[in-house]
Amino acid sequence: MKQLLLATAATALLAGGALAEDVKLGILIGFTGPIESLTPAMQAAAELAMTEANASGKAANGWTFVPVTADSTCIDAAAATAAGERLVTAEGVKGIIGADCSGVTRAVLTNVAMPNGMVMVSPSATSPALTADPDNGLFFRTAPSDAREGVVAADILLERGAKSIAISYSNSDFGKGESEYIEKYFKEKGGTVTINASHDDGKADYSAEVAALAAAGGDVLVVAGYLDQGGKGIIQAALDSGAFSTFYLPGGMIGDSLPQAIGPALDGSYGDIAASDAEGNVILKDIAAGLAAPFDSTSAYSSESYDAAALIILAMQAAGSTDPMVYKDKIMEVANGPADGSGTKIQPGELGKALEMITAGQAIDYEGATGVKLIEPGEAAGRYREILVKDGKNETVKYR
(Lines give C-alpha, C1' and ligand atoms only; values in the text may rest on other atoms or scores of the structure.)
Protein backbone atom coordinates (compact mmCIF):
# COMPACT_ATOMS: atom_id res chain seq x y z
CA MET A 1 0.00 0.00 0.00
CA LYS A 2 2.85 2.39 0.87
CA GLN A 3 4.45 1.77 -2.52
CA LEU A 4 1.11 2.43 -4.24
CA LEU A 5 0.72 5.74 -2.42
CA LEU A 6 4.24 6.80 -3.36
CA ALA A 7 3.64 5.87 -6.99
CA THR A 8 0.38 7.83 -7.02
CA ALA A 9 2.11 10.89 -5.54
CA ALA A 10 4.90 10.68 -8.10
CA THR A 11 2.37 10.47 -10.92
CA ALA A 12 0.58 13.55 -9.61
CA LEU A 13 3.82 15.52 -9.38
CA LEU A 14 4.82 14.52 -12.90
CA ALA A 15 1.51 15.86 -14.24
CA GLY A 16 2.94 19.37 -14.20
CA GLY A 17 5.59 18.63 -16.80
CA ALA A 18 8.87 16.87 -17.44
CA LEU A 19 11.62 16.50 -14.85
CA ALA A 20 13.82 19.56 -14.31
CA GLU A 21 11.33 21.72 -16.19
CA ASP A 22 11.88 25.46 -16.50
CA VAL A 23 8.63 27.07 -15.39
CA LYS A 24 8.29 30.57 -16.79
CA LEU A 25 6.32 33.13 -14.78
CA GLY A 26 5.39 36.45 -16.36
CA ILE A 27 5.87 39.77 -14.57
CA LEU A 28 3.49 42.13 -16.35
CA ILE A 29 3.84 45.62 -14.88
CA GLY A 30 4.33 49.20 -16.05
CA PHE A 31 8.05 49.55 -16.66
CA THR A 32 7.06 52.66 -18.58
CA GLY A 33 4.17 54.98 -17.75
CA PRO A 34 2.73 56.70 -14.71
CA ILE A 35 4.03 54.33 -12.01
CA GLU A 36 7.38 53.44 -13.59
CA SER A 37 9.27 54.58 -10.48
CA LEU A 38 7.57 51.81 -8.47
CA THR A 39 8.08 48.86 -10.79
CA PRO A 40 11.81 48.10 -10.29
CA ALA A 41 11.15 47.14 -6.66
CA MET A 42 8.00 45.25 -7.64
CA GLN A 43 9.99 43.23 -10.18
CA ALA A 44 12.82 42.60 -7.72
CA ALA A 45 10.38 41.33 -5.09
CA ALA A 46 8.61 38.92 -7.45
CA GLU A 47 11.94 37.60 -8.71
CA LEU A 48 13.17 37.19 -5.13
CA ALA A 49 10.37 34.70 -4.43
CA MET A 50 11.39 32.69 -7.51
CA THR A 51 15.09 32.77 -6.58
CA GLU A 52 14.26 31.65 -3.06
CA ALA A 53 12.19 28.71 -4.27
CA ASN A 54 14.87 27.72 -6.78
CA ALA A 55 17.66 27.89 -4.20
CA SER A 56 15.79 25.53 -1.90
CA GLY A 57 15.76 22.74 -4.47
CA LYS A 58 12.40 21.61 -3.06
CA ALA A 59 10.11 22.34 -6.01
CA ALA A 60 8.37 19.31 -7.54
CA ASN A 61 9.96 17.68 -10.58
CA GLY A 62 13.02 19.87 -10.16
CA TRP A 63 11.02 22.84 -11.39
CA THR A 64 13.07 25.99 -11.84
CA PHE A 65 11.08 29.20 -11.88
CA VAL A 66 12.18 31.67 -14.54
CA PRO A 67 10.93 35.29 -14.66
CA VAL A 68 9.86 36.80 -17.96
CA THR A 69 9.05 40.52 -17.92
CA ALA A 70 6.64 42.49 -20.07
CA ASP A 71 5.57 46.13 -20.00
CA SER A 72 1.91 46.80 -19.23
CA THR A 73 2.49 50.60 -19.53
CA CYS A 74 -0.12 50.85 -16.72
CA ILE A 75 -2.53 52.82 -18.93
CA ASP A 76 -2.52 51.46 -22.51
CA ALA A 77 -4.95 48.52 -22.64
CA ALA A 78 -3.97 47.55 -26.18
CA ALA A 79 -0.27 47.51 -25.36
CA ALA A 80 -0.87 45.56 -22.16
CA THR A 81 -3.02 43.02 -24.00
CA ALA A 82 -0.32 42.56 -26.64
CA ALA A 83 2.31 42.13 -23.91
CA GLY A 84 0.12 39.58 -22.14
CA GLU A 85 -0.43 37.68 -25.39
CA ARG A 86 3.32 37.52 -25.94
CA LEU A 87 3.88 36.13 -22.46
CA VAL A 88 1.32 33.38 -23.02
CA THR A 89 1.79 32.44 -26.68
CA ALA A 90 5.43 33.22 -27.42
CA GLU A 91 7.04 32.80 -24.00
CA GLY A 92 4.81 30.01 -22.70
CA VAL A 93 4.46 31.34 -19.17
CA LYS A 94 2.50 29.28 -16.65
CA GLY A 95 1.28 32.20 -14.57
CA ILE A 96 1.34 36.00 -14.54
CA ILE A 97 2.29 38.28 -11.66
CA GLY A 98 0.24 41.31 -12.69
CA ALA A 99 -1.01 43.25 -14.28
CA ASP A 100 -0.52 46.35 -12.18
CA CYS A 101 -2.96 49.19 -12.89
CA SER A 102 -6.64 48.32 -12.87
CA GLY A 103 -7.66 49.24 -16.42
CA VAL A 104 -4.93 47.23 -18.10
CA THR A 105 -5.49 44.39 -15.64
CA ARG A 106 -9.14 44.17 -16.66
CA ALA A 107 -8.15 44.20 -20.35
CA VAL A 108 -5.58 41.42 -19.95
CA LEU A 109 -7.95 39.36 -17.81
CA THR A 110 -10.73 39.57 -20.41
CA ASN A 111 -8.67 39.30 -23.58
CA VAL A 112 -5.77 37.07 -22.58
CA ALA A 113 -6.18 35.22 -19.29
CA MET A 114 -9.73 33.94 -19.72
CA PRO A 115 -9.42 32.80 -23.36
CA ASN A 116 -6.11 31.05 -22.57
CA GLY A 117 -6.91 29.71 -19.12
CA MET A 118 -4.09 31.70 -17.50
CA VAL A 119 -3.78 32.56 -13.80
CA MET A 120 -3.13 36.21 -12.92
CA VAL A 121 -2.21 37.42 -9.43
CA SER A 122 -2.08 41.21 -9.36
CA PRO A 123 -0.08 42.96 -6.64
CA SER A 124 -1.62 46.37 -7.24
CA ALA A 125 -4.86 46.44 -9.26
CA THR A 126 -7.35 47.86 -6.79
CA SER A 127 -10.48 48.80 -8.77
CA PRO A 128 -13.67 47.57 -7.07
CA ALA A 129 -14.95 46.58 -10.54
CA LEU A 130 -12.51 43.67 -10.53
CA THR A 131 -14.47 42.08 -7.69
CA ALA A 132 -17.46 41.51 -9.95
CA ASP A 133 -15.66 40.95 -13.27
CA PRO A 134 -15.99 37.40 -14.68
CA ASP A 135 -12.67 35.59 -14.26
CA ASN A 136 -13.33 31.82 -14.40
CA GLY A 137 -11.52 31.55 -11.06
CA LEU A 138 -8.25 32.69 -12.66
CA PHE A 139 -7.78 36.13 -11.10
CA PHE A 140 -6.45 36.95 -7.65
CA ARG A 141 -4.94 40.04 -6.05
CA THR A 142 -2.73 40.64 -3.04
CA ALA A 143 -3.69 44.33 -2.70
CA PRO A 144 -7.16 45.17 -1.34
CA SER A 145 -9.99 46.81 -3.26
CA ASP A 146 -10.41 50.58 -3.30
CA ALA A 147 -13.82 50.06 -1.73
CA ARG A 148 -11.96 49.43 1.52
CA GLU A 149 -9.54 52.31 0.87
CA GLY A 150 -12.45 54.73 0.61
CA VAL A 151 -13.33 54.08 4.24
CA VAL A 152 -9.73 54.49 5.37
CA ALA A 153 -9.25 57.73 3.40
CA ALA A 154 -12.47 59.24 4.75
CA ASP A 155 -11.44 58.45 8.33
CA ILE A 156 -7.98 59.98 7.93
CA LEU A 157 -9.32 63.14 6.27
CA LEU A 158 -11.92 63.73 8.96
CA GLU A 159 -9.51 62.97 11.80
CA ARG A 160 -7.13 65.58 10.40
CA GLY A 161 -9.86 68.20 10.36
CA ALA A 162 -10.92 68.28 6.71
CA LYS A 163 -14.58 69.22 6.46
CA SER A 164 -14.68 69.69 2.70
CA ILE A 165 -12.60 68.19 -0.10
CA ALA A 166 -12.17 68.58 -3.84
CA ILE A 167 -11.23 65.44 -5.80
CA SER A 168 -9.18 65.16 -8.98
CA TYR A 169 -8.93 61.63 -10.34
CA SER A 170 -7.08 59.94 -13.16
CA ASN A 171 -9.44 59.21 -16.06
CA SER A 172 -8.93 55.45 -15.66
CA ASP A 173 -10.63 52.48 -14.02
CA PHE A 174 -8.35 52.93 -11.02
CA GLY A 175 -9.00 56.65 -10.64
CA LYS A 176 -12.76 56.39 -11.14
CA GLY A 177 -13.15 53.62 -8.59
CA GLU A 178 -10.93 55.25 -6.01
CA SER A 179 -12.59 58.66 -6.28
CA GLU A 180 -16.07 57.16 -6.19
CA TYR A 181 -15.46 55.36 -2.90
CA ILE A 182 -13.60 58.23 -1.25
CA GLU A 183 -16.51 60.52 -2.10
CA LYS A 184 -19.09 57.97 -0.95
CA TYR A 185 -17.60 57.37 2.50
CA PHE A 186 -16.48 60.96 3.12
CA LYS A 187 -20.07 62.11 2.54
CA GLU A 188 -21.52 59.28 4.62
CA LYS A 189 -19.29 60.33 7.52
CA GLY A 190 -20.46 63.96 7.34
CA GLY A 191 -17.96 65.61 4.98
CA THR A 192 -18.66 67.71 1.90
CA VAL A 193 -17.27 67.01 -1.58
CA THR A 194 -17.19 70.23 -3.60
CA ILE A 195 -16.18 68.67 -6.94
CA ASN A 196 -15.13 65.25 -8.25
CA ALA A 197 -13.49 65.77 -11.66
CA SER A 198 -11.21 63.72 -13.88
CA HIS A 199 -7.85 64.58 -15.36
CA ASP A 200 -6.01 62.89 -18.23
CA ASP A 201 -2.48 61.59 -17.83
CA GLY A 202 0.40 62.79 -19.96
CA LYS A 203 -0.66 66.44 -20.37
CA ALA A 204 1.84 69.29 -20.22
CA ASP A 205 -0.62 71.81 -18.74
CA TYR A 206 -3.22 71.21 -16.01
CA SER A 207 -4.17 74.85 -15.40
CA ALA A 208 -7.73 74.41 -16.71
CA GLU A 209 -8.39 71.41 -14.44
CA VAL A 210 -6.94 73.22 -11.43
CA ALA A 211 -9.00 76.35 -12.16
CA ALA A 212 -12.19 74.29 -11.91
CA LEU A 213 -11.00 72.67 -8.69
CA ALA A 214 -10.08 76.04 -7.22
CA ALA A 215 -13.46 77.51 -8.10
CA ALA A 216 -15.19 74.69 -6.21
CA GLY A 217 -12.84 75.06 -3.24
CA GLY A 218 -12.24 72.72 -0.32
CA ASP A 219 -9.96 72.29 2.68
CA VAL A 220 -7.90 69.59 0.93
CA LEU A 221 -7.41 68.48 -2.66
CA VAL A 222 -7.62 64.69 -2.97
CA VAL A 223 -5.52 63.56 -5.94
CA ALA A 224 -6.58 60.05 -6.94
CA GLY A 225 -4.04 59.72 -9.72
CA TYR A 226 -0.58 58.44 -10.63
CA LEU A 227 2.52 59.84 -8.99
CA ASP A 228 4.69 59.99 -12.11
CA GLN A 229 2.20 61.64 -14.48
CA GLY A 230 -1.16 63.38 -14.14
CA GLY A 231 -1.34 63.32 -10.36
CA LYS A 232 2.01 65.03 -10.06
CA GLY A 233 0.97 67.56 -12.71
CA ILE A 234 -2.24 68.45 -10.86
CA ILE A 235 -0.35 69.02 -7.60
CA GLN A 236 2.32 71.17 -9.20
CA ALA A 237 -0.26 73.28 -11.03
CA ALA A 238 -2.29 73.71 -7.84
CA LEU A 239 0.79 74.85 -5.94
CA ASP A 240 1.91 77.17 -8.72
CA SER A 241 -1.48 78.90 -8.78
CA GLY A 242 -1.97 78.91 -5.03
CA ALA A 243 -5.23 76.99 -5.41
CA PHE A 244 -4.41 74.39 -2.73
CA SER A 245 -1.56 73.84 -0.32
CA THR A 246 -2.55 70.52 1.26
CA PHE A 247 -3.16 67.32 -0.67
CA TYR A 248 -4.52 63.88 0.16
CA LEU A 249 -2.51 61.15 -1.56
CA PRO A 250 -4.20 57.77 -1.92
CA GLY A 251 -2.63 54.56 -3.31
CA GLY A 252 -1.25 55.50 -6.71
CA MET A 253 0.32 58.70 -5.36
CA ILE A 254 2.60 57.14 -2.74
CA GLY A 255 6.23 56.73 -3.72
CA ASP A 256 9.59 58.41 -3.13
CA SER A 257 9.57 60.08 -6.54
CA LEU A 258 6.65 62.43 -5.73
CA PRO A 259 8.10 64.35 -2.74
CA GLN A 260 11.43 64.42 -4.58
CA ALA A 261 9.77 65.99 -7.63
CA ILE A 262 7.54 68.49 -5.79
CA GLY A 263 9.94 69.46 -3.03
CA PRO A 264 9.23 71.08 0.37
CA ALA A 265 5.81 72.39 -0.75
CA LEU A 266 4.43 68.85 -0.39
CA ASP A 267 5.35 68.65 3.29
CA GLY A 268 2.24 68.41 5.44
CA SER A 269 0.23 66.54 2.85
CA TYR A 270 -0.89 63.06 3.81
CA GLY A 271 -2.48 59.88 2.49
CA ASP A 272 -2.55 56.11 2.56
CA ILE A 273 -1.26 53.05 0.74
CA ALA A 274 -2.15 49.37 0.95
CA ALA A 275 0.54 47.92 3.22
CA SER A 276 0.93 45.62 6.16
CA ASP A 277 2.57 45.68 9.56
CA ALA A 278 2.67 41.89 9.58
CA GLU A 279 5.74 40.15 10.96
CA GLY A 280 6.68 39.07 7.46
CA ASN A 281 6.89 42.68 6.29
CA VAL A 282 9.90 43.28 8.52
CA ILE A 283 11.42 39.92 7.56
CA LEU A 284 11.20 40.71 3.85
CA LYS A 285 12.67 44.19 4.43
CA ASP A 286 15.72 42.63 6.11
CA ILE A 287 16.12 39.99 3.39
CA ALA A 288 15.84 42.55 0.59
CA ALA A 289 18.34 44.91 2.27
CA GLY A 290 20.89 42.11 2.59
CA LEU A 291 20.92 41.06 -1.05
CA ALA A 292 23.86 41.62 -3.38
CA ALA A 293 21.48 43.86 -5.33
CA PRO A 294 19.33 45.24 -2.48
CA PHE A 295 15.91 46.82 -3.02
CA ASP A 296 13.36 48.60 -0.85
CA SER A 297 10.61 46.11 -0.07
CA THR A 298 8.63 48.89 1.63
CA SER A 299 8.21 50.61 -1.75
CA ALA A 300 4.58 50.58 -2.83
CA TYR A 301 3.30 47.15 -3.90
CA SER A 302 6.67 45.38 -3.71
CA SER A 303 5.69 43.21 -0.72
CA GLU A 304 2.47 42.38 -2.57
CA SER A 305 4.58 41.37 -5.60
CA TYR A 306 6.64 38.94 -3.53
CA ASP A 307 3.44 37.42 -2.19
CA ALA A 308 1.86 37.18 -5.65
CA ALA A 309 4.79 35.16 -6.99
CA ALA A 310 4.96 33.01 -3.85
CA LEU A 311 1.26 32.11 -4.04
CA ILE A 312 1.62 30.90 -7.63
CA ILE A 313 4.67 28.79 -6.77
CA LEU A 314 3.09 27.23 -3.68
CA ALA A 315 -0.21 26.56 -5.47
CA MET A 316 1.67 24.71 -8.23
CA GLN A 317 3.36 22.56 -5.60
CA ALA A 318 0.06 21.83 -3.86
CA ALA A 319 -1.56 20.85 -7.16
CA GLY A 320 1.46 18.92 -8.41
CA SER A 321 0.98 20.76 -11.67
CA THR A 322 2.05 23.88 -13.53
CA ASP A 323 -1.23 23.90 -15.48
CA PRO A 324 -3.05 27.11 -14.47
CA MET A 325 -6.45 25.45 -14.82
CA VAL A 326 -5.34 22.91 -12.22
CA TYR A 327 -3.34 24.93 -9.70
CA LYS A 328 -5.80 27.88 -9.63
CA ASP A 329 -7.93 25.85 -7.26
CA LYS A 330 -5.08 25.65 -4.74
CA ILE A 331 -4.31 29.36 -4.39
CA MET A 332 -6.94 30.09 -1.76
CA GLU A 333 -5.94 26.90 0.06
CA VAL A 334 -2.26 27.77 0.45
CA ALA A 335 -3.07 31.41 1.19
CA ASN A 336 -5.54 30.79 4.01
CA GLY A 337 -4.68 27.35 5.35
CA PRO A 338 -7.23 24.97 6.89
CA ALA A 339 -10.36 26.48 8.41
CA ASP A 340 -9.41 25.15 11.83
CA GLY A 341 -6.21 27.20 11.83
CA SER A 342 -3.93 24.17 11.89
CA GLY A 343 -1.74 25.18 8.96
CA THR A 344 1.88 26.12 9.61
CA LYS A 345 2.37 29.83 9.06
CA ILE A 346 4.90 30.61 6.33
CA GLN A 347 6.92 33.82 6.31
CA PRO A 348 9.23 35.32 3.67
CA GLY A 349 12.43 33.29 3.51
CA GLU A 350 10.52 30.07 4.24
CA LEU A 351 9.37 29.08 0.76
CA GLY A 352 11.70 26.07 0.74
CA LYS A 353 10.18 24.92 4.02
CA ALA A 354 6.69 25.41 2.60
CA LEU A 355 7.48 23.44 -0.56
CA GLU A 356 8.86 20.59 1.53
CA MET A 357 5.82 20.54 3.82
CA ILE A 358 3.41 20.50 0.89
CA THR A 359 5.26 17.54 -0.62
CA ALA A 360 4.94 15.75 2.73
CA GLY A 361 1.18 16.38 2.76
CA GLN A 362 1.33 18.91 5.59
CA ALA A 363 -0.93 21.97 5.61
CA ILE A 364 0.51 25.48 5.35
CA ASP A 365 -0.96 28.93 5.90
CA TYR A 366 1.00 31.40 3.79
CA GLU A 367 1.35 34.67 5.70
CA GLY A 368 4.06 36.17 3.55
CA ALA A 369 5.08 39.80 3.58
CA THR A 370 1.56 41.23 3.88
CA GLY A 371 -0.15 38.83 6.28
CA VAL A 372 -1.98 37.31 3.32
CA LYS A 373 -5.62 36.47 3.83
CA LEU A 374 -7.74 36.07 0.72
CA ILE A 375 -11.48 36.59 0.72
CA GLU A 376 -13.85 35.65 -2.06
CA PRO A 377 -13.44 36.07 -4.95
CA GLY A 378 -9.69 35.74 -4.35
CA GLU A 379 -8.73 39.21 -3.17
CA ALA A 380 -6.85 40.53 -0.16
CA ALA A 381 -8.74 41.62 2.94
CA GLY A 382 -6.08 44.30 3.34
CA ARG A 383 -4.41 46.72 5.72
CA TYR A 384 -3.35 50.32 5.04
CA ARG A 385 -0.40 52.49 6.01
CA GLU A 386 -1.21 56.10 6.87
CA ILE A 387 1.40 58.44 5.38
CA LEU A 388 2.54 61.97 6.27
CA VAL A 389 4.94 63.83 3.98
CA LYS A 390 7.59 65.34 6.23
CA ASP A 391 11.00 66.74 5.29
CA GLY A 392 10.61 65.45 1.74
CA LYS A 393 9.83 61.87 2.74
CA ASN A 394 6.74 59.69 3.16
CA GLU A 395 6.68 58.86 6.86
CA THR A 396 4.51 56.13 8.34
CA VAL A 397 2.04 57.41 10.91
CA LYS A 398 0.31 54.13 11.70
CA TYR A 399 -1.42 51.11 10.17
CA ARG A 400 -5.16 50.73 9.83
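Two strands are taken as paired if DSSP finds at least two bridges between them; the model shown is predicted.

View 1. Strand β6 (residues 164-170) and strand β8 (residues 220-224) run parallel and are joined by 5 bridges. Within this pairing, Ile167 stands opposite Val222 of β8. Helix α7 (residues 173-188) packs on the sheet in contact with β6, β7 and β8, and its direction makes about 165° with that of β6. Helix α8 (residues 207-216) also touches β6, β7 and β8, with its direction at about 175° to that of β7.

View 2. The open sheet comprises 7 strands in the order β7-β6-β8-β9-β10-β15-β16, with mixed pairing. Because β7 (192-199) and β16 (393-399) each have a single partner strand, one side of each is left without a neighbour in the sheet. From one strand to the next, the twist averages 25°.

**View 3. The stacked pair Phe174 and Tyr226.** The whole structure contains 4 aromatic pairs. In one of them, Phe174 and Tyr226 are stacked, at 5.1 Å centre to centre with 25° between the planes. Phe174 lies in helix α7 and Tyr226 in the loop between β8 and α9 (230-241), 52 residues apart. Phe174 is buried at 5% relative accessibility, and Tyr226 is buried at 3%.

**View 4. Surroundings of the Tyr270 ring.** The ring centres of Tyr248 and Tyr270 are 5.5 Å apart and the planes meet at 85°, so this pair is edge-to-face. Tyr248 belongs to strand β9 (residues 247-249) and Tyr270 to strand β10 (residues 270-274). The charged end of Arg160 sits over the Tyr270 ring, 4.9 Å from its centre.

Notes
Residues are numbered from 1 along each chain as its sequence is written. This is a predicted model: local features need pLDDT of at least 70, side-chain atom pairs count only at pLDDT 80 or more; totals for chains, interfaces and linings use all residues. Side-chain values use heavy atoms; hydrogens and water are left out. Helices (H or I, at least four residues) and strands (E, at least two) are DSSP runs, numbered from the N terminus. Axes are lines fitted to C-alpha atoms, for helices over the stretch in contact, and angles run from 0 to 180 degrees between N-to-C directions. Contact means heavy atoms within 4.5 Å. Rings of Phe, Tyr and Trp (its six-membered ring) pair if their centres lie within 6.5 Å; planes under 30 degrees apart count as stacked, over 60 as edge-to-face and the rest as tilted. Buried means under 20% relative accessible area, exposed over 50%, partly exposed in between (1.4 Å probe, protein chains only). A charge sits over a ring if NZ of Lys or CZ of Arg is within 6 Å of the ring centre and within 35 degrees of the ring normal.
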